Every structure is written in structure tokens, then in C-alpha cells.
Amino acid sequence: MECGTGTPIVELDDAHGNVYRCKHCRTHLALTEDIISKDFYCKNGKAYLFDKVVNVTVGENEDRMLITGKFTISDIFCARCGVILGWKYDTAFESTQKFKEGKFILDRDQLLGPE
């Protein structure tokens, strides 16, 4: 299956009900086993930190001041419907936050899937 831009859409193994999906178009985004933490927040409320995600496009990076410090981040969008899902941490400016680099925040309000 492909999205509107011709990029193939990845279907994750959902045999155990462990897949998070875009709530707008139901595209697979991530597995529960790839959650690093559920103790994150975004402007809409709860958010999850993931080690890896699929079926997203990455926007341009920009510096933002977040609750835990300054980061270079890139917004991430659903590859199928284009809704903003969260962001990718590109660079952390504080050494205690370096573990977030290359990781993804998904807004819980934009997801369907396990609780």
C-alpha cells in the first residue's frame, strides 16, 4: 500500500493488539515495545517517547525551548493523511537530555491503540 506521495506504507504486526495508529486514517505508526516513556507532555496533553516510528514524514528542523530545555526538533506528520503527530528530537543542547536525540514524541491525542 502507498500513501499519496507514492511512499510505501508499512504494516506492522498487530497480532497481539500492540500497534499505535493515526486516529485520523488508522495508518500504523509504532509498536508498544518501542515506547521508552509514557511520562511526556505536549501542547495537547499526554505524549509518549518512542525509539522508532514508521509511516511518518519529517519536517524542517528548528530550535525550540521545551519544558526540559532547548532542542533542535523536527515536526513529524502522518505519511498518509498529513496530520501533525508530534516531533523528532534532533539535537539536545543539555548533556542530561542527550538520550532523547533521534527519538520521537507522539501526541497521545492523535493516536489509536493500546492504553
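1. Glutamate 101 is partly exposed, because its relative accessible area is 28%, where buried means under 20% relative accessible area, exposed over 50%, and partly exposed in between, computed with a 1.4 Å probe on protein chains only. The side chain of glutamate 101 forms a salt bridge with lysine 98, with the closest N and O atoms 3.2 Å apart; the term requires a side-chain nitrogen of Lys or Arg within 4 Å of a carboxyl oxygen of Asp or Glu. Lysine 98 also counts as partly exposed, at 39% relative accessibility.

2. Two remarks on the basis of these values are in order. This is a predicted model, in which local features need pLDDT of at least 70 and side-chain atom pairs count only at pLDDT 80 or more, whereas totals for chains, interfaces and linings use all residues. Residues are numbered from 1 along each chain as its sequence is written, and side-chain values use heavy atoms, with hydrogens and water left out.

3. How many salt bridges does a search of the whole structure find? The search finds six, and one of them joins the side chains of aspartate 109 and lysine 23 at 3.9 Å, N to O. This pair links distant parts of the chain, 86 residues apart, since aspartate 109 is in the loop between E8 and E9 and lysine 23 is in the loop between E1 and E2; strands (E, at least two residues) and helices (H or I, at least four) are DSSP runs, numbered from the N terminus. Aspartate 109 is partly exposed, with a relative accessible area of 40%, and lysine 23 counts as partly exposed at 36%.

4. Aspartate 51 and lysine 103 also meet through their side chains in a salt bridge, at 3.6 Å, N to O. Aspartate 51 is partly exposed, with a relative accessible area of 36%, whereas lysine 103 counts as buried at 18% relative accessibility.

5. Lysine 100 deserves a separate point, and its place is in the loop between strand E7 (84-92) and strand E8 (104-107). What does the side chain of lysine 100 make a polar contact with? The partner is the side chain of glutamine 97, at 2.6 Å, a polar contact being a pair of N or O atoms within 3.5 Å, of which, within protein, one must be able to donate a hydrogen and the other to accept it, with residues adjacent in sequence counting only if both atoms are side-chain atoms. Leaving aside neighbours within four places in sequence, lysine 100 is in contact (heavy atoms within 4.5 Å) with Phe40, Thr68, Phe71 and Tyr89.

6. Six strands form an open sheet with antiparallel pairing, in the order E3-E4-E8-E7-E6-E5, where two strands pair if DSSP finds at least two bridges between them. Strand E3 (35-42) and E5 stand at the edges, and because each has a single partner strand, one side of each is left without a neighbour in the sheet. Within this sheet, E3 and E4 form a hairpin with two residues between them and pair in the antiparallel sense over five bridges, with lysine 46 in E4 as the bridge partner of tyrosine 41. Strand E6 (residues 69-78) is joined to E7 by seven bridges, again antiparallel, and serine 74 stands opposite lysine 88 in E7.

7. Phenylalanine 77 lies in strand E6 and counts as partly exposed at 27% relative accessibility. Apart from neighbours within four places in sequence, phenylalanine 77 has contacts that include Asn55, Val56, Ile84 and Leu85.

8. An open sheet of three strands has the order E2-E1-E9, with antiparallel pairing. Strand E2 (28-31) and strand E9 (111-112) stand at its edges, each with a single partner strand, so one side of each is left without a neighbour in the sheet. Two bridges join strand E1 (residues 19-22) to E9, and cysteine 22 stands opposite leucine 111 in E9.
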